[in-house]
Amino acid sequence: MIEFFTGLQPLEAGETGPDAMTARVRELDRSEVIDRVLVGYSSTWPHNHATAPFALALTEKFSPIVAHRPGVMPPAAAARYFATLDVLARGRLAINVVVGGSDKDLRRESDDLPKAERYRRAVEYLDVVRRTWTSPEPFDHHGEYYTADAVKILTKPVQGQVPIFMGGESDDAVDFGARHADLYMLWGEPFAGTKERIDRVRAAAEGYDRKMRFSLSLRLFLGDTDDDAWAQARAAERQIAEASGKFLRSSSTDTSVGRQRALALTDEELHDDCFWTGLTKLLGGFANSQALVGTEERILNTFGTYRDLGIDAFLVTTGAEAAWDPALEGFLARVKKELA
């Protein structure tokens, strides 16, 4: 069955109280189509280790994907934190392990390892985290990056192990995901590129005798007619262009493989039937800027093709803000029904 995720910045910049966040979270909790909500991570954003538990306490169904960077706390402490949160969430938790990203942003929190080493550290990190969740007896760990003695936690995750989501395009990212990810989060790409990436990750996962699920991140501009959908897309494009960098999420110094791959798509604005790269070019390769533009039928058919390629879930947003819009609810319910 197709799942739908979306993204949320629970506490936005400049907000000095929780009321607006409460309204946003409760709106998502009422949704009948959103299965999980990505609560992202940046060294400058409100800390999701605070906002995610607050959101869970407000809701009955809200299921966060809490982004987490190896390196901001030791692995045994992270295992204990997420195990506790999964119990309080009644098993609604998933973790988005973020290894790459902006070197500048990582250095704000005293993480200055080169990217290749960060992936090597992340493998060790998740080895310790998973062992902490599952080991019936205390254990010692003496590795390249971490040392811990008599590791033991009294509260285990409700789910046995909290699902691990991750993404990334480099060889190191694919190997890390093949070892530890339960779901691989792909940036939006046309059909051919998406198939190529799925095949590559599946082959790597099979080398570790593991199976992989996949999500695809896309903005949707949905209209009663194609002209209406394109009017919405162009309006978002103008809003971003006139906002003097407000919507930028990538640095010009970011040379990640994924960003370069996204920018390479912008040589053509339209791919396949309705895959649009206009915002990708404008935002310099920001991950969630690739979009689908068109009528319900056009986008439904596109989702169906992605599903046939192996996509299990879609992370959907819309507008210049890349936010959730309840106006998408009816269409996504139709997608779930027709692509069941």
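Close-up 1. Look for Ala89 in the loop between helix 3 and strand 4 (94-97); helices (H or I, at least four residues) and strands (E, at least two) are DSSP runs numbered from the N terminus. This is a predicted model, where local features need pLDDT of at least 70, side-chain atom pairs count only at pLDDT 80 or more, and totals for chains, interfaces and linings use all residues. Residues are numbered from 1 along each chain as its sequence is written, and side-chain values use heavy atoms, leaving out hydrogens and water.

**Close-up 2. The crossing of helix 3 and helix 5.** Here the axes of helix 3 (residues 75-88) and helix 5 (residues 115-134) come within 8 Å and cross at roughly 50 degrees; axes are lines fitted to C-alpha atoms, for helices over the stretch in contact, and angles run from 0 to 180 degrees between N-to-C directions. Helix 3 contributes Pro75, Ala76, Ala78, Ala79, Phe82 and Ala83 to the contact, and helix 5 contributes Tyr125, Val128, Val129, Thr132 and Trp133 (contact means heavy atoms within 4.5 Å).

**Close-up 3. The buried residues of helix 8.** Ala229, Ala233, Ala236 and Ile240 are the buried residues of helix 8. Seen down the helix 8 axis, they fall within an arc of 60 degrees, so they line one face of the helix; the arc is that of the directions from the helix axis to the C-beta atoms. Their packing partners are strand 9 (213-222), strand 11 (275-276), helix 10 (278-282) and strand 12 (291-294). On the face turned away from the buried side, you will find the exposed residues Asp227 and Ala241.

Terms used. Buried < 20%, exposed > 50% of the residue type's maximum accessible area, 1.4 Å probe, protein only.
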